[in-house]
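Dear colleague,

Please find below the structure that I am handing over to you. My notes on what was found in it follow.

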Amino acid sequence: MGRGLIADPAWVNKVATGHECDLRKCISCNVGCAGNRIGVNRPIRCTVNPSVLEGDVYKKKHVNKNCNVVVIGGGTAGLEAACTAAEVGCNTFLLEKGNELGGLASLISKIPAKNRLADFPHYLMHRAEQLDNLYIFKNTEGTPENIRKFHPNIIVISTGSAPLLPPIAGLKDRIDNEDYNIYSILGMISHINDFPKDLEGKKVAVVGGGAVGLDVVEFFADRNADISIVEMMDQIGRDLDPVSKNDTKTMMKKHNVHQLTKTALLEVKDSSFLVRGEGEPYELPFEYGFVCLGMRAQGQLYQSLTEEFSSEDVEIMNIGDSQRARRIIDGTQEGRNILTILEQKGYL
Ligand code: SF4
């Protein structure tokens, strides 16, 4: 119950009054609570609750004049910004170019061990449904023409991130190409039901020892694959919180995962990675290969809209991964920070 109450201090009241459907559930990420408090001796924060200290007191506020907010992108950061703006009385319009909300968090939650992550986008969608001044348009691009229809006072860009593909020989041609078994995290998720359930004796190689690479390792460890993980730094899972780091170490030990640290990817071949550790380059063969070298911001829209609205009194925010690819907690906080912009612009 400890983390459940950090995520939603009103947990008990909601359950006691039969409002379980309104619960903001803990997603067991350990990023804001254990990661901050135990990991780096900072105050507790929470991925799903950007107001741990003060509570949701902002809901008592209301804009003092008409304010139109247009949010581009319906991932967790965009949904948090849209819900917060609507809750204080802004006319809020969320444009999502795909036909589903939830962004990367929803996609990652398709990995079985990450299924609890889905609770956060589900909560945000449920919260959005309660707000009759929040209008959501799916399959709608955030073009200047579409945005202008809503006469925005504030535009929030939350267009997320895409897998980072550095200029490594053979990578761009082969990754997520149906002719090869080489995937990015998004390619892996789109084939999540296609991988054999038992991979005993089959080789899986994962390049990138961050949280995403480790999610891939965990998925194939459960299928008994012979897994190698390649990381340039001297440690796998360096940026994880202490609880997840410990769990990851145990998982890798149990499944005899080969940990190749201080090792760089030099070339992607049809069914092997050419890598170099401290000695000569060598080939790492695989039946399935994964390249998880991080994500890059999709922030081009910020540049173009800043120019488009440069002579008008329109505030433009760039939040979450489209500012810089980071963790969900940063996007949630930046979504809630729309309150600061509303105050600065005299609406609150
Ligand atoms: S930071 Fe993550 S694990 Fe901690 S309480 Fe919040 S949602 Fe739960």
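**Surroundings of glycine 32**

Glycine 32 touches Ile44, Arg45, Cys46, Thr47 and Ile329, leaving out residues up to four places away in sequence; contact means heavy atoms within 4.5 Å. The model is predicted, so local features need pLDDT of at least 70 and side-chain atom pairs count only at pLDDT 80 or more, while totals for chains, interfaces and linings use all residues. Residues are numbered from 1 along each chain as its sequence is written, and side-chain values use heavy atoms, with hydrogens and water left out.

Glycine 32 lies in the loop between helix H2 (11-16) and helix H3 (34-40). Helices (H or I, at least four residues) and strands (E, at least two) are DSSP runs, numbered from the N terminus. With a relative accessible area of 2%, glycine 32 is buried; buried means under 20% relative accessible area, exposed over 50%, and partly exposed in between (1.4 Å probe, protein chains only).

**Helix H13**

Ile329, one of the contacts of glycine 32, is among the buried residues of H13. In this helix (residues 328-336), seven of the nine residues are buried. Their cover includes helix H4 (76-87), helix H6 (119-129), strand E15 (315-318) and helix H14 (338-344).

**Nonpolar cores**

A nonpolar core is a set of buried Ala, Val, Leu, Ile, Met, Phe, Trp, Tyr and Cys residues joined through side-chain atoms within 4.5 Å. The largest has 66 residues, of which Val69, Ile154, Val156, Met188, Phe220 and Phe290 touch the most other members. H4 supplies the largest share of this core, seven residues. A second, separate core of 14 residues includes Leu171, Val230, Phe273 and Val291.

**Aromatic pairs**

The whole structure holds 14 aromatic pairs. Rings of Phe, Tyr and Trp (its six-membered ring) pair if their centres lie within 6.5 Å; planes under 30 degrees apart count as stacked, over 60 as edge-to-face and the rest as tilted. The ring centres of phenylalanine 195 and tyrosine 288 are 5.4 Å apart and their planes stand at 80°, so this pair is edge-to-face. Phenylalanine 195 lies in the loop between helix H9 (185-190) and strand E7 (203-207) and tyrosine 288 in strand E13 (residues 288-291), so the pair ties together parts 93 residues apart in sequence. Phenylalanine 219 and phenylalanine 220 also form an edge-to-face pair, at 4.9 Å centre to centre and 85° between the planes.

Yours sincerely
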